[in-house]
Amino acid sequence: MHTTKNTAQTQQSFRFIDLFAGLGGFHVALKNLGGECVFAAEWKEHLRKLYETNHGILPAGDITQVPLDDIPEHDVLTAGFPCQPFSKAGEQLGFECTKQGDLFFNVVEILDAKKPRYFILENVPNLLKHDDGETWKKIQEELGLAGLGYHITATKLSPHNFGIPQIRERVYILGSKEPLVDFKWPDHFPLATSITSVLDDNPSDAKRLSPQFQKCIEVWDAFIMACPKEVELPSFPLWSMEWGATYPYEEETPHARVKKLDADGLLGMKGSHGKPLGHLRGLDARWAALPSHARTAQKKFPKWKIDFIRQNREFYHENKEWIDPWLPRILEFPSSLQKLEWNVKGGERNIWSYVLQFRASGVRVKRRSTAPSLVAMTDTQVPVIAWEKRYMTPRECARLQCLDGLAELPKLNSHAYEALGNAVNSKVVQLVASSLLKRTPT
């Protein structure tokens, strides 16, 4: 490392590389600590050009095609290697995912060849539990003292632990050639936050709710208003398709019953929203009348699904009198909009007062204290500011990732939301890196 003068103190400069660079969250964080980025890699062309605009360095393309000799010597390697192979939201193929899962081993090759003093990796928290812990065990074997010779530590952190209004837990994995005897993770605990701290007032460029989504919210709001005050709205996911259903779910599944008795195995039973199955001709018609979560090819449902179905059917049985008049109103919507997650227990019974998110698991209702985790897979899951009947803008989402200082974001909103959903939070990274490198911002 080289010595440079700082106005407040003398610190050693350091060189870092930024792999799977995206919008450059690692770059922002380490530059704030006085680092110099000497190499970056990003395979998406529009992000490569944007990275050059924002950070003054054009990333290499596909890291798998970059010769090791072309990567400069450096002190710190940073990488938010692709998380989809390990995410609970995906197929969880891990290292077996031929498209992205094995990119971790490219990181290993670079560490082995260049032997930087430190590394900082970021991924989804499920990485630690993936494949019953075997993936995490493999990572430690590759990088640890028995492998590349690094002392390793890891923990899970979320921006809301540091006063940023987003719950987005991620695992941070640190490696050091020297023992980490003096290292301490930055103090982290939930702090009082408000999503309004990152919002603009009715921005003109915000995407408005579609008529379907707005009507869906109106229907669920009517459900909440119809619920008697003495009835507590459940914290478990509300699956309206289970209200009136009688198909088997505890000891056997519809799949197991049909396999044993063919289509007649569903006679006398009811499917989604209490639709009788017996009058439908043929297995295909009866199968289609079941909730999508009941059509899986399993002999027995997992415990969590059994519990959700039981809880919903019990809730319906106890509240049938006021639910039945409302129930026909939800039938026009697709399955994902027929489910509600009321994550505001004890809060005001007005859905328009909260932050919403449309997910495959249902319409999620959250308090104004934090935004739900940004999702990279689709721009329809962008947080909704219900009281303004709009989605968050890309610039507001950038504030959630502490990247609002970037000169430019991707021009297409879909690209911007995707990139921000994949990004690391620069403030969290900076706090972690400053503890590891024992540095303060320049």
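**Note on a predicted protein chain**

1. At 13% relative accessibility, C37 counts as buried, because the word is used for residues under 20% relative accessible area, with exposed meaning over 50% and partly exposed in between, as judged with a 1.4 Å probe on protein chains only. C402 is in no disulfide, and the nearest cysteine sulfur, that of C397, is 13 Å away. A search of the whole structure finds zero disulfides, a disulfide being a pair of cysteine sulfur atoms within 2.5 Å. C37 is likewise in no disulfide, and the nearest cysteine sulfur to it, that of C402, is 19 Å away.

2. A word on how to read this note: the model is predicted, so local features need pLDDT of at least 70 and side-chain atom pairs count only at pLDDT 80 or more, while totals for chains, interfaces and linings use all residues. Residues are numbered from 1 along each chain as its sequence is written, and side-chain values use heavy atoms, with hydrogens and water left out.

3. Taken as a whole, the protein chain has eleven helices and 13 strands, where helices (H or I, at least four residues) and strands (E, at least two) are DSSP runs numbered from the N terminus. The C-alpha trace spans about 80 × 50 × 40 Å along its principal axes. Of the 442 residues in the protein chain, 54% are buried. Among the contacts with a separation of 6 or more, 66% join residues 24 or more positions apart, a contact being heavy atoms within 4.5 Å.

4. The accessible surface of the protein chain comes to about 20,500 Å², and 49% of this surface belongs to carbon and sulfur atoms; such areas come from the Shrake-Rupley method with a 1.4 Å probe, and for residues only the protein chains shown count as cover. The protein chain has 55 positive and 53 negative side chains, with Lys and Arg counted as positive, Asp and Glu as negative, and His and the chain ends not counted. The centres of the two sets lie 3 Å apart, when the place of a charge is taken as NZ of Lys, CZ of Arg, CG of Asp or CD of Glu.

5. Strand 5 (residues 118-123) deserves a careful look, since six of its six residues are buried. Y118, I120 and E122 point one way from the strand, whereas F119, L121 and N123 point the other way. Strand 5 pairs with strand 4 (residues 76-79) in the parallel sense over four bridges, two strands being paired if DSSP finds at least two bridges between them. Within this pairing, L77 stands opposite F119. Strand 4 is covered on both faces, with V76 and T78 buried on one side and L77 and A79 buried on the other.

6. Strand 5 also pairs with strand 7 (residues 170-176), here in the antiparallel sense and over six bridges. The bridge partner of L121 in strand 7 is I173.

7. Another part of the chain holds an open sheet of six strands, which has the order 8-9-11-10-12-13 and mixed pairing. The edge strands are strand 8 (238-239) and strand 13 (390-391), each of which pairs on one side only. Strand 9 (residues 339-342) and strand 11 (residues 362-366) pair in the parallel sense over three bridges, and L340 stands opposite V363 in strand 11.

8. Which residues of helix 10 (residues 413-422) are buried? They are A416, Y417, A419, L420 and G421. What covers these buried residues includes helix 2 (45-55) and helix 9 (394-400). As background, an α-helix has 3.6 residues a turn, so residues three or four places apart point the same way.

9. Two residues call for a check of their backbone angles, as most residues other than glycine have a negative phi. F20, in the loop between strand 2 (10-19) and helix 1 (25-32), has a positive phi near 50°, and at 18% relative accessibility F20 counts as buried. N202, in the loop between strand 7 and helix 5, has a positive phi of about 45° although it is not a glycine, and at 44% relative accessibility N202 counts as partly exposed.

10. The loop between strand 7 and helix 5 (211-226) also holds T196, which counts as partly exposed at 43% relative accessibility. The C-alpha atoms of T196 and P165 are separated by 8.6 Å, although the two residues are 31 residues apart along the chain.
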